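Visitor: Please walk me through reading a structure of this kind, one feature at a time.

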Amino acid sequence: MNKEEWKKSIIEGLKEVYDPEIPINIVDLGLIYDLKISDDGEVYIRVGATTPACPVTEDIAYTVEQVIKERVPAKKINVDLDLETQWTPLMMTKEGREEFRRKYGYDIVQQWAETYGIELNENKS
């Protein structure tokens with residue numbers, strides 16, 4: 001068992017799981033908070049939601065578990081649905097941010113930063 005290959009395979013699979021409100025995959029939205037694989041082949045993943053009021057959070061958790069089952073021969077899978085950690089657009093990957101900009105025509109990260117007075121550390125080249 002190669003844990004890095006397992007992680008890569010799981011993340012690839014999770015890029016096919018989309019948030020129902022923002023049609024961007026949960027990896028690029030920054031909703032995968034933690035992913036651990038034990039030496040015994042047990043997988044722990046902590047997944048968030050864009051809002052704790054999301055009516056399909058249990059569906060997302062179930063789908064995440066199914067993706068892991070399809071991708072790796074894990075002995076045990078623990079999907080921890082984290083509704084306490086508040087998601088913000090600042091958690092998005094560069095790819096997620098670009099996809100959002102293409103779909104909606106504006107940069108949600110920049111808008112969020114301006115709204116809340118957050119300075120972004122970005123290279124402007």
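Visitor: What should I know before reading any values?

Guide: This is a predicted model, in which local features need pLDDT of at least 70, side-chain atom pairs count only at pLDDT 80 or more, and totals for chains, interfaces and linings use all residues. Residues are numbered from 1 along each chain as its sequence is written, and side-chain values use heavy atoms, with hydrogens and water left out.

Visitor: How many helices and strands does the chain have, and in what order do the elements run?

Guide: Helices (H or I, at least four residues) and strands (E, at least two) are DSSP runs, numbered from the N terminus. Here the chain has four helices and three strands, in the order α-β-β-α-β-α-α from the N terminus.

Visitor: How is a nonpolar core read, and which residues have the most contacts inside the largest one?

Guide: In soluble globular proteins, nonpolar side chains tend to be buried together. A nonpolar core is a set of buried Ala, Val, Leu, Ile, Met, Phe, Trp, Tyr and Cys residues joined through side-chain atoms within 4.5 Å. Buried means under 20% relative accessible area, exposed over 50%, and partly exposed in between (1.4 Å probe, protein chains only). The largest core in this model has 28 residues, and Ile 10, Leu 14, Val 43, Ile 45, Val 64, Ile 68 and Met 92 have the most contacts inside it. Helix 1 (3-14), strand 1 (32-37), strand 2 (42-47), helix 2 (57-71) and helix 4 each supply at least two residues of this core.

Visitor: Which residues does Ile 68 touch?

Guide: A contact means heavy atoms within 4.5 Å. Leaving aside residues up to four places away in sequence, Ile 68 touches Ile 10, Val 43, Ile 45 and Ile 77.

Visitor: Why are Trp 112 and Tyr 116 separated by about one helical turn?

Guide: Because they are four residues apart in helix 4. Trp 112 is partly exposed at 22%, while Tyr 116 is exposed at 51%.
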